[in-house]
Amino acid sequence: MGSFLAAFRFLTNIPVPWLKEDWQGEKSHLDFARSLGFYPLVGLMVGLMLAVLGWVFSLFLPDVLTAALLTVSLVVITGGLHLDGLTDTFDGIAAGHKSFERAQEVMHLPGVGAIGVLAAICLLLLKFAAIVSLPSGSFITGLILFPVISRWAMVYAVVCYPYVRSQGLGKELKGGSAKASLWLATIFCLAVCVILGGWAGLLAMFGSWLLVMYLASFFRRRLGGLNGDTYGSINEFTEVAALIFIVALSGYFS
C-alpha cells in the first residue's frame with residue numbers, strides 16, 4: 001500500500017491527507033523506489049477521473065470545449081509534472097549539440113526556453129486534437145486507456161534503458177526498478193488493454209511500445225542517456241500516440 005500511495009502522490013497533484021511522510025524518511029524512500037510497478041494503476045485512476053469529467057462535460061458542452069477542458073484537467077490532475085519534463089528535455093536537446101554535459105546543465109536550469117515552450121504547445125495541441133477526434137463509441141474507453149499505456153511506457157523506459165545522472169528521483173526509481181516491477185506493470189497494462197479494447201487495445205499498446213523504443217534511443221544519442229525529464233517526455237509522447245492509435249482503431253474496439 002505504501003508503494004502505491006507513493007506512486008499516486010508522485011504522479012498526481014491530488015493530496016493524500018493520510019500520507020504524512022516526506023521523501024526523507026527511510027520508509028518513504030523505499031516505498032518510492034518500489035512504486036514503479038504501480039504506475040499503470042495510477043494511470044487507470046487518472047483515466048477514470050478523465051472519463052467521469054468527460055461524461056459530465058459532454059452532457060451540456062460541445063465536443064471541442066469538452067476536449068479542451070479535458071486537456072486542461074489532465075494538466076491539473078498531474079500538476080504538469082510530465083510537461084515540465086518535456087520542456088526541460090527539449091531545452092536540453094536544443095543546447096546539447098556541443099556536449100552531453102551542456103545538455104544536462106541546461107535541463108537543470110530553472111525556467112523554460114523557447115524550444116521547450118514550443119514543444120509543450122505542439123504536444124498539447126496534438127493531445128487536444130486527438131481527444132476531440134475520439135468517436136463517441138470509444139470516447140470513454142480512450143480516456144481511460146491512454147493514461148494507462150503512457151504510465152506503463154515510463155516503467156519500460158526506466159527499467160530497460162540506462163540512467164544518465166548520478167543522483168535524483170529518477171535514479172531512486174532506477175535503483176529500485178527490479179524486473180518484477182516491469183512484469184507487474186506490463187501484465188496490468190495488457191489486461192486493461194484487452195478488457196477495454198480487445199485486439200485494438202493491444203495494437204495501441206504495441207504501437208506505443210515501438211515509439212518508446214525510438215524515443216529512448218533518440219534521447220540516448222542526443223542526451224547521453226535517460227533521466228527524470230526524459231521519462232516525463234516519454235509519458236507525454238505516448239499519451240498522444242496512444243490517443244492517435246485509439247482514434248485510428250476506434251472501429252475495432254470491442
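1. Let's start with Arg151, which sits in helix H8; helices here are DSSP runs (H or I, at least four residues), numbered from the N terminus. Arg151 is buried, with a relative accessible area of 0%. For the wording: buried means under 20% relative accessible area, exposed over 50%, and partly exposed in between (1.4 Å probe, protein chains only). Leaving out residues up to four places away in sequence, Arg151 touches Leu11, Tyr39, Pro40, Gly43, Leu74, Thr78, His82, Asn235 and Glu239, where contact means heavy atoms within 4.5 Å.

2. A word on what you're looking at. This is a predicted model, in which local features need pLDDT of at least 70 and side-chain atom pairs count only at pLDDT 80 or more, while totals for chains, interfaces and linings use all residues. Residues are numbered from 1 along each chain as its sequence is written, and side-chain values use heavy atoms, with hydrogens and water left out.

3. Now for helix H4. Its 16 residues (63–78) should span 22 Å at 1.5 Å a residue, and the end C-alpha atoms are 23 Å apart, which agrees; the expected span is 1.5 Å times one less than the number of residues.

4. Which residues of H4 are buried? They are Thr66, Ala67, Leu70, Thr71, Ser73, Leu74, Ile77 and Thr78. Seen down the axis of H4, the buried residues fall within an arc of 160°, so they line one face of the helix; the arc is that of the directions from the helix axis to the C-beta atoms. The face turned away from that buried side carries the exposed residues Val64, Val72 and Val76.

5. What do the buried residues of H4 pack against? The partners are helices H1 (2–11), H3 (39–60), H5 (81–95), H7 (114–133), H8 (139–160) and H11 (228–248). Just after H4, Gly79 takes a positive phi of about 70°.

6. Another buried residue to check is Cys193, with a relative accessible area of 0%. Cys193 is found in helix H10 (residues 179–223). Setting aside neighbours within four places in sequence, Cys193 is in contact with Leu145, Ile149, Gly198, Gly201, Leu202 and Met205. Cys193 and Ala204 are eleven residues apart in sequence, with their C-alpha atoms 8.2 Å apart in space.

7. Last, a look at Leu59. Leu59 belongs to helix H3 and counts as exposed, at 56% relative accessibility.

Conventions:
Helix = DSSP H or I, 4+ residues; strand = E, 2+ residues; numbered from the N terminus.
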